[in-house]
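Trainee: I have a structure open and some terms to sort out. Can we go through them one by one?
Mentor: Go ahead. Let's look at it together.

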Amino acid sequence: QVQLVESGGGSVQAGGSLRLSCVPSEKIDGTLCMGWFRQPPGRAREEVAAISIGSTFYADSVKGRFSIYEDSATNTLYLQMNNLKPEDTGMYSCARRRPRTGCSSASWRQATIYEYWGQGTQVTVSS
């Protein structure tokens, strides 16, 4: 079973930036849909962003501040987070669909469509 490993989390002050990374334990060819989710303290998991076949999708709360992209050569998924706010605090997890399966502007938000998940990396933003 492929494992995803996130890194890059930490503690920052509001207005700061972080870049999260997600690397699979083995190379996955043909991945067409990858995403980031987060779970704020005491709340349910929520979608953050996804990328599929050149299209990117973002939750309204992070549009204009976060950017999702992939380095296909290394199979690494990134989430660049700028102008962080205290409400961005949470455990951030990456997810991938099985190979050769994309996602749409509607489906990317559904956590159940993703087959592979990481353990998460904590992001804490202080005011």
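Trainee: Which residue in β6 stands opposite Ala49?
Mentor: Tyr58 stands opposite Ala49. Keep in mind that this is a predicted model.

Trainee: How do you know that β5 and β6 pair?
Mentor: Count the bridges. Pairing needs at least two bridges. Strand β5, residues 46–52, and β6 have 4 bridges, in the antiparallel sense. Therefore β5 and β6 count as paired.

Trainee: What do β5 and β6 form, and how many residues lie between them?
Mentor: They form a hairpin, with 2 residues between the strands. In the turn, Ile53 has a positive phi of about 50 degrees.

Trainee: Why is Val48 called buried?
Mentor: Buried means under 20% relative accessible area. Val48 has 0% relative accessibility, so Val48 counts as buried. Val48 is in strand β5. Among the residues it touches are Trp36, Phe57, Tyr58 and Trp108.

Trainee: How far is the C-alpha atom of Val48 from that of Met81?
Mentor: The two C-alpha atoms are separated by 11 Å. Along the chain, Val48 and Met81 are 33 residues apart.

Trainee: Where is Arg65 found, and why is Arg65 called buried?
Mentor: Arg65 is in the loop between β6 (55–58) and β7 (66–71). Its relative accessibility is 8%. The cut-off is under 20%, so Arg65 counts as buried.

Trainee: Which residues does Arg65 touch?
Mentor: Its contacts include Met81, Leu84 and Asp88, leaving out residues up to four places away in sequence.

Definitions and conventions:
Residues are numbered from 1 along each chain as its sequence is written. This is a predicted model: local features need pLDDT of at least 70, side-chain atom pairs count only at pLDDT 80 or more; totals for chains, interfaces and linings use all residues. Side-chain values use heavy atoms; hydrogens and water are left out. Buried means under 20% relative accessible area, exposed over 50%, partly exposed in between (1.4 Å probe, protein chains only). Contact means heavy atoms within 4.5 Å.
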